[in-house]
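Today I opened a new model and went through its sheet strand by strand. Here are my notes, for anyone who wants to follow along.

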Amino acid sequence: EVMRLDDIEEESAPRVEQYLSKIKVIRRIAHKIIDFLAQIENFQKKLWLKKKFVVETNYCVTLDRVPEDLYPEIAENDAQRQEWVRLFAIDEIRKDLAGAVDYSEPLTVEFLKANDKLVLDTKHFNDEFISRLINEIPDIEETMNGLLINSDNFHGISLLSTRYKEEIESIYIDPPYNTGPSEIIYKNEYRDSSWLSLMHDRIVASIQLLSSTGCYAIAIDDFEMAHLCEITDQIFGKKYFRNMIVVNHHPQGGMGHNVSRTHEYMLVMTPSGKDLLRGKAKSGKKEFRSLRLSGPGDNKSRQGRPNSFYAILVDEKRNVIVGVEPPPPLGMEYPKEPTDEGYVRVYPINPEGEEKVWCRSYESAQAGIENGEIILTDNGALKLCVDTTNKRFNLMSNWTDSKYNAGPHGTGLVADILGSRDAFSYPKSIHTVYDAIEAMAYRHDRSTVIDFFAGSGTTGHACVQGLRDGGFTANYVLIEMGEHFETALKPRIQKVVYSKDWKDGKPVSREGISHMFKYIRLESYEDALANIELQRSKPQQLLIDKAGDFRESYMLKYLLDVESRGSQTLLNIDNFDDPWNYKLLVGAGSVGETKPVNADLVETFNWLLGLKVRHMDRISGFQVVEGENPSGEKVLVIWRKVRDLAETDTEKIAAAREKANRDLEAFFTKQQYNTLDSEFDVIYVNGDNNLMNVPLDPDKEGVEP
């Protein structure tokens with residue numbers, strides 16, 4: 001735009017100087033534009049990467065876990081009754097059913113007792129009721145079966161990072177396949193790179209959650225499978241082995257050119273050198289297998305395994321095994337006639353006269369005969385007797401059963417549960433997800449599986465089903481954004497807890513299981529933007545006005561970072577003085593519409609600490625949380641209202657803080673938190689306070705609250 005380098009030799013010196021002057025000016029302006037854009041992009045990155053506030057926390061719990069003294073309030077709650085009618089069709093319950101109590105409006109305590117697998121949702125109740133309920137549940141985190149997070153999955157994973165670091169045994173995800181109706185929205189049509197960036201960032205973040213024996217499963221089809229293999233190889237490296245499973249998910253084949261595809265894939269990354277995956281459990285009965293190996297290969301012939309070629313001695317008169325002879329040396333003749341005692345020598349020679357081998361070595365056979373593992377059947381056949389108790393089949397790489405058909409067992413199943421085929425598109429077959437989780441989770445009495453592309457909740461449904469039928473026990477953590485969190489994911493989990501079988505949105509039976517899950521909603525990136533407030537103090541303004549060149553540098557490089565401090569979304573510490581009145585603007589449905597809500601600082605702080613919550617209670621105006629941090633220390637968190645945030649009079653604020661601290665000291669003494677016998681290693685209290693260090697050991701300094 002300014003000059004052509006090819007023409008520079010023909011230009012005069014003054015002309016070249018003019019060109020260079022213009023270029024210098026453009027360069028100066030360009031650097032300022034770059035600085036300004038960098039400031040904006042760095043600020044956006046800061047908002048994206050920051051841990052997000054929890055803006056809603058609620059629980060869904062079956063009535064059998066709810067204290068009966070709360071039943072009268074539940075029976076009177078019309079909003080809860082209406083939800084139960086919509087979800088579970090309780091208005092169709094009549095006395096003519098065995099053991100049933102008539103439905104009525106309002107509900108009765110007797111009705112609740114007779115239907116104790118109804119799933120209560122605390123969103124219909126006030127804070128005081130929720131506090132009483134949670135206080136009555138012992139070791140709340142151990143009691144819960146699941147967690148649902150309404151959030152962008154990147155932010156949901158970030159929230160989990162401290163609490164679940166290197167703890168998770170199973171991650172299963174079914175991301176958008178980036179093809180056909182499941183395509184996601186992209187910038188500039190860089191489709192493959194945008195999809196890969198989406199996957200790369202989330203896999204890198206979530207792999208930190210895996211334990212040393214954790215497995216990571218990803219469902220995918222042909223369209224992005226090769227690209228996905230490349231990034232998983234890059235991320236997991238040689239520390240993990242990539243297993244490929246082919247799932248016949250559409251036996252009739254999907255529409256397409258040339259070849260009708262009937263399959264998709266599941267990549268399962270397992271730690272290298274570790275044998276972790278298994279198929280279904282065996283019957284638990286004794287199985288009888290041929291003792292002689294058949295088929296081709298050196299490992300099944302005498303030449304390849306000479307120590308497994310030997311004679312088993314059989315007393316034909318009594319039809320019993322009496323012993324074994326050592327393996328004869330290779331290349332030498334060996335006795336085939338009966339022994340001097342008349343015992344028959346039986347070698348692993350097949351009907352074609354080939355010298356095969358037994359499936360046990362000589363030494364192993366001696367022990368097997370003694371313990372009854374090697375037997376002789378009534379018809380004189382040698383068999384290996386295998387006890388299948390706690391044994392499982394090998395996991396096969398090709399899943400072809402019709403139960404993996406995503407039509408009836410995915411779309412059809414969700415339609416029956418939710419009452420509409422439009423509730424969610426392209427859900428997985430419940431059996432595909434169930435078998436995938438079981439293959440990873442069978443090793444543990446209780447584990448946790450995370451799915452951060454939760455969709456309609458098939459992973460959670462599979463975990464509920466595993467708990468119901470005893471196939472496996474796994475807690476679930478499901479992360480999903482968008483409106484179908486409320487229209488598909490959460491109601492599906494509520495429904496499958498209440499009943500196993502559904503038709504047209506109504507329960508076929510009412511045999512529920514005891515269950516509890518928590519669901520939380522996180523502040524979104526858009527919410528974070530909406531809560532930015534730029535504030536410039538008078539001293540700052542004076543400095544900017546007087547500092548000359550500093551003003552421009554400040555405006556181009558530092559304004560956003562400096563003047564946004566104190567915004568609610570960036571943790572306004574001053575407003576911790578009233579933790580139940582920490583306001584945030586959050587999206588309210590329509591695009592661009594927001595509403596003020598109280599952020600849940602208690603829940604947010606628990607996640608920031610990575611706290612395993614054991615007990616929560618409200619005592620004399622104090623919110624108390626007891627738990628354990630990732631270091632194994634026992635932690636106590638105390639929340640209280642220090643002052644009214646609307647108060648501006650400095651003397652009144654000081655007086656309120658002084659009174660709050662006196663109340664805190666009295667509470668501390670009453671609860672005996674300030675004694676050597678205190679069971680807590682670390683204590684957190686919101687707001688400035690005058691508490692003394694608690695001496696945990698006479699020879700050590702205490703931990704400062």
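**Ground rules.** I am working with a predicted model, where local features need pLDDT of at least 70 and side-chain atom pairs count only at pLDDT 80 or more, while totals for chains, interfaces and linings use all residues. I number residues from 1 along each chain as its sequence is written, and side-chain values use heavy atoms, with hydrogens and water left out.

**The sheet.** For my own reference, helices (H or I, at least four residues) and strands (E, at least two) are DSSP runs numbered from the N terminus, and two strands pair if DSSP finds at least two bridges between them.

I checked S2 against strand S1 (residues 54–62): they run antiparallel and are joined by three bridges. Val-61 is opposite Leu-120 in S2.

**Strand S7.** How many residues of strand S7 are buried? I found eight of the eight (residues 264–271), so the strand is largely enclosed by the rest of the structure. Buried here means under 20% relative accessible area, with exposed over 50% and partly exposed in between (1.4 Å probe, protein chains only). One side carries Glu-264, Met-266, Val-268 and Thr-270, the other Tyr-265, Leu-267, Met-269 and Pro-271, and both faces are covered. On to its partners: strand S6 (residues 240–247) pairs with S7 in the antiparallel sense over eight bridges, with Val-246 opposite Tyr-265. Strand S5 (residues 210–220) is also antiparallel to S7, over five bridges, and there Ala-219 has Met-266 as its bridge partner.

**Strand S16.** I saw that seven of the seven residues of S16 are buried. Its partners run parallel: S3 is joined to S16 by five bridges, and S15 to S16 by five bridges. From S15 the chain crosses through helix H13 (residues 458–469) to S16 in a right-handed β-α-β crossover (with the strands pointing away from the viewer, the path from the first strand over the helix to the second runs clockwise).
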